[in-house]
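Colleague: I would like to learn how to read the packing and the charged pairs in a model. Could we start with the core?

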Amino acid sequence: MDPLAVGLVPSVRPTLALAPTAELLLFAVCGVCLGTVSGLVPGVHANNFALLLAAVGPTLPGSQTAVGAAILAAGVVHTFLDVVPALALGVPDPAMAATALPGHRLVVAGRGREALRLSALGSVLAVALAVPLALPVTWLMTEAYPVVRAYLPVVLSAVVLLLFVTEPSRRAALAGAFCFVLASALGVSTLDLEPEAPLALGGMLAPLFSGLFGAPVLLDAFDGAGVPPQDDAALALSGREVGWTAGAGSLAGAFVGYLPGVSAAVASVLSLPLVPDVDDEGAREFLVASSGANTSNTVFALFALVTLGTPRTGVMVALEDGGGGVGAGALPALLATTALAALAGFVLVVVVGDSYLRVVGRTNYAVVSATILVLLVALSWLFAGLVGVGVFVVASLVGLVPVRLRTRRVHLMGVLVGPLVLGV
């Protein structure tokens with residue numbers, strides 16, 4: 001009997017009649033375009049977009065390496081551009097949530113163009129540092145993984161306590177602890193929910209972080225003056241300061257890149273003790289460090305996937321599933337793709353980010369805020385159904401608390417850190 005008649009022959013990925021280098025470049029450019037779109041949409045998390053790519057990856061007409069390059073390029077560019085809506089609108093994806101308030105404050109002070117360039121520098125320098133560091137860090141983390149994993153709650157608890165004690169007053173520290181507990185309870189109650197939703201690749205991260213870090217900024221902006229005209233793009237940090245803080249972010253990204261269940265958002269929190277007070281001059285340093293942690297996490301997670309065979313992020317899950325698996329032989333091509341995507345992301349942040357700020361600045365900010373709030377509600381419904389909309393509302397109420405109690409909003413990262421500390 002003809003095996004085709006009974007489906008015994010496995011499906012074959014369609015291919016393009018292109019030279020391998022041309023095919024890789026074409027798919028990488030397509031990934032850059034996709035990452036640009038996802039990064040600029042407020043409230044869209046890289047993992048949701050990556051899992052969507054994983055679903056369509058096997059049907060794309062290209063080699064496994066080329067399709068993997070497209071997915072990786074999209075993930076890298078997303079980590080550059082997700083800072084733009086975080087700064088212009090105050091609506092971050094989870095990885096940039098801790099950055100939203102200090103970065104948005106720079107925009108309100110007219111330093112948005114500088115903030116965009118600091119973020120882009122933090123990301124591109126972190127990638128440059130991550131590539132040579134990846135091999136020794138991979139070896140070190142492979143050896144130390146059992147100990148680190150066993151004591152991860154202790155490490156995270158120490159970071160959280162350090163955030164409390166660096167508040168300017170005892171009252172602010174107590175308020176921060178209260179906000180952390182509130183956010184932790186919200187995370188414990190909702191992160192493991194699997195509600196029915198229009199998008200099967202959704203999850204609870206979108207409504208949680210849109211509510212905690214996006215909606216409060218938009219609600220408070222109704223009575224504000226919106227985005228003011230932006231000053232020049234001159235950097236207030238020296239080259240050494242930028243390099244040091246980008247290195248701090250890269251190391252934080254390295255730490256979480258090998259740990260299951262620990263995201264780039266947690267890497268941003270881990271980088272906090274390495275920079276000055278984010279409520280003062282340290283807003284710039286923190287922006288560089290957290291952007292570096294966000295992007296370098298992708299590089300280290302790639303090495304973890306190739307060497308350990310375990311995907312640590314949504315982008316790596318998509319790379320493994322949609323790209324048909326990643327072997328050591330594909331690593332040079334994927335590293336070249338990462339470098340190309342990083343350079344493209346750097347340029348796009350500067351070019352698109354400046355235009356984004358100008359457009360938002362010329363628009364009635366109350367209209368902008370209302371429109372984005374409706375978008376966030378719609379995204380919450382798409383990713384998590386009616387349950388997601390309810391979680392978004394509750395998270396928005398919790399997100400209003402820190403500003404009213406005059407403490408940092410970064411304590412709301414307890415929504416992720418709290419469950420990890422408690423081991424739930």
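Modeller: Keep in mind that this model is predicted. The general idea comes first: in soluble globular proteins, nonpolar side chains tend to be buried together. Here the largest nonpolar core has 75 residues, and Leu89, Leu302, Met316 and Leu319 touch the most other members.

Colleague: Which helix gives the most to this core?

Modeller: Helix H3, residues 64–81, with 11 residues.

Colleague: Take Leu302. What is in contact with Leu302, leaving aside neighbours within four places in sequence?

Modeller: The list is Leu72, Met316, Leu319, Leu331, Leu334, Leu335 and Thr338. Met316 and Leu319 are also among the core residues that touch the most other members.

Colleague: On to charges. How many salt bridges are found in the whole structure?

Modeller: The idea is simple: side chains of opposite charge can pair when their charged atoms come close. The search finds seven salt bridges. One of them joins the side chains of Arg113 and Asp354, at 3.4 Å from N to O. This pair links distant parts of the chain, 241 residues apart: Arg113 is in helix H6 (residues 112–150) and Asp354 in helix H14 (residues 331–362).

Colleague: Which residue does Arg284 meet in a salt bridge?

Modeller: Glu114, at 2.7 Å from N to O. Arg284 is in helix H12 (residues 283–308) and Glu114 in helix H6, 170 residues apart. Both residues are buried. They also belong to a network of salt bridges that links Arg111, Glu114, Asp231, Asp232 and Arg284.

Colleague: Where do Glu167 and Arg408 lie?

Modeller: In loops. Glu167 is between helix H7 (152–165) and helix H8 (170–190). Arg408 is between helix H16 (401–405) and helix H17 (414–422). The two form a salt bridge, with the closest N and O atoms 3.9 Å apart. Glu167 and Arg408 are both buried.

Conventions. Residues numbered from 1 in each chain as written. Predicted model: local features only at pLDDT ≥ 70, side-chain atom pairs only at ≥ 80, totals over all residues. Heavy atoms only, no water. Salt bridge = Lys/Arg side-chain N within 4 Å of Asp/Glu carboxyl O. Helix = DSSP H or I, 4+ residues; strand = E, 2+ residues; numbered from the N terminus. Buried < 20%, exposed > 50% of the residue type's maximum accessible area, 1.4 Å probe, protein only. Core = buried A, V, L, I, M, F, W, Y, C linked by side-chain atoms within 4.5 Å. Contact = heavy atoms within 4.5 Å.
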